[in-house]
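Please look over this structure with me.

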Amino acid sequence: MYAFFLSLFLTTIYVYKWHKHFEVNISLIFTIIPIANLGYWMEMTAKTKEGFIYGIKIEYIGGCFLILFINLCVFRLCGINIRRWIRTVFFVLTMILFLSVLSIGYYPIFYKGLSFEKVGNETVVIKDYAIMHNVFYGVLILVIALGIGAIIYTYVAEKPVSKTMLFLLSVPELLSIAGFLGNKMFFKSNYILPYLYVAAQLVYLLIIKRMALYDIIDTVIESMAETGQTAFISIDMKHRYLGSNETAKNIIPELRSMGIDKKIDDNKYFKRNISHWLKHFEEDNSVNTNLYIKRNIKNLDEVTFYKVEVDYLYYGSKKKGYQIILRDDTKNQEYINLLDNYNTQLEEEVSKKTEKIVEMHNNLILSMAVVVESRDNSTGGHVRRTSDVVKMLIEEIKKNDRFGLTDEFCKDLIKAAPMHDLGKIAVDDAVLKKPGRFTDEEFEKMKTHAAEGAKIVHEILKDTDDESFKIVAENVAHYHHERMDGSGYPEGLKGEEIPIEARIMAIADVYDALVSKRVYKESMSFEQANKIMMESMGSHFDKNLEEYYVNARPKLEEYYSNQE
């Protein structure tokens, strides 16, 4: 009797706390347990054999269906999808078992017979079990084993399910084992089972309390995240991670590896942002707006601004944690930045004048390069040709860019290419115009043009506002004679120590030298030049640039075939 009223009371509490997002199998569990306990009460107080049989039939509603719904609940909360036909098979099997229970008193299917014997002042019921009773225990053991297996699998596989939830889900499974096996072996009575049912109800009340936190995520998804433009992150009052939507994980990829119930404060990455936002909000609830800046790893110039709003996470009228909402605020930030730094009309005028100045500046640099080239022992045109070769290589790189080169960088490199040999202006004419091979001493003097070129470029561009172009131009002049194996000059840099702009320039510079006529040599055939270039990949030139050189080769040969 007590167990029945306790279970009825706990079911009433569940109804009071019920939410549409609760797992449906939990509702069935709270419905069946009072019915089953009513059957036990009827069985205990029965005065006739018929009353006793009716009690048994009602109590077996729990015996047959309760374990099924408990384990379906386990699979759902563990995130394991059970196919519809499998659920249907188990339900039909359970229904067949219950129908066999209903045969008690009519057919010897579940019980062959029931007899009552007087032992002292007590009446003892002797049950003669039939085959379906054995089948009942077999199915019971199978279903419980599947449920426990699902919990163990979810834990071992580290699926995104709270460890606290897994522990709570395992308790009803253990109570089932204790109830259906333990009482037969130790208690020798069925009447301990109603109280185990009540204990299971208490556990499920704890489960739905925890579910309330996670189900907030679903309600937020329904109202805010359907468009995929709003990101949200849910944190409980102890700074434990509850979940986030896909948009949030795209913005902050580190969330994908964050375990449910893990403390945000223990993660080094989140200390700089999420923990920081929460701290300020806790100190002053009015400080609930922040800015999160995300840079594109492949293109650092591409920046996205997100407006971050922090507020309490409510369930009903109670604060259960914090919700963090991120919205793309890039356009607004760009507009603010524009208002802070520029007047639109003035900017247009300045831009036009700046373009004119830049054009004059570029023509001046090109003219200087041509003047320097006129002192060299080449037949002329080296500056123009190497610039064109660099442009062809850049075009191939941009088709399948391994280096993440920005459009600004590519433009700067093409513009800087003519400046690569400016340092030759500092080399004595006797060396620069010598028609034959250099002596060791002469070659050392010739090698100084790289470092001298960097100094000259630095002086020319020191007052420019275009910092990125200045860096590229200096690197091209300074390091275009460096080699990947470290045997180049002037610094003997190796591998990726050599700036990428200088590595690209080196290919253009050497290729032009090979296929162009000089006063001291004839032009080399394309086949000979290509053989030398390919043999030098990895030692002189960057092996990673090989495919771009190979792809550009047809254009290069066509280009040089048309040169006079």
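1. **Ground rules.** This is a predicted model: local features need pLDDT of at least 70, side-chain atom pairs count only at pLDDT 80 or more, and totals for chains, interfaces and linings use all residues. Residues are numbered from 1 along each chain as its sequence is written, and side-chain values use heavy atoms, with hydrogens and water left out.

2. Helices are DSSP runs of H or I, at least four residues long, numbered from the N terminus. Helix α19 covers residues 526-535, and its residues Phe526, Ala529, Asn530 and Met533 are buried. Buried means under 20% relative accessible area, exposed over 50%, and partly exposed in between, with a 1.4 Å probe and protein chains only. Seen down the axis, the buried residues of α19 fall within an arc of 100°, so they line one face of the helix. The arc is taken from the directions from the helix axis to the C-beta atoms. An α-helix has 3.6 residues a turn, so residues three or four places apart point the same way.

3. Cover here rests on contact, meaning heavy atoms within 4.5 Å.

4. **Helix α20.** This helix has 16 residues and spans 22 Å from first C-alpha to last, close to the 22 Å expected at 1.5 Å a residue. The expected span is 1.5 Å times one less than the number of residues. At Arg553, α20 bends by about 45°, and Pro554 follows within four residues. The bend is the angle between axes fitted to the seven residues ending there and the seven starting there. Buried residues of α20 include Tyr548, Ala552, Leu556 and Tyr560. Among the elements covering its buried residues are α13 (382-399), α18 and α19.

5. **Asp512.** Where does Asp512 sit? Its place is in helix α18. Asp512 is buried, at 0% relative accessibility. Leaving out residues up to four places away in sequence, Asp512 touches His382, Arg385, Thr386, Arg518 and Tyr560.

6. **Cysteines.** Cys64 is buried at 7% relative accessible area, and Cys410 is buried at 3%. The disulfide count is 0, where a disulfide is a pair of cysteine sulfur atoms within 2.5 Å.

Conventions:
Helix = DSSP H or I, 4+ residues; strand = E, 2+ residues; numbered from the N terminus.
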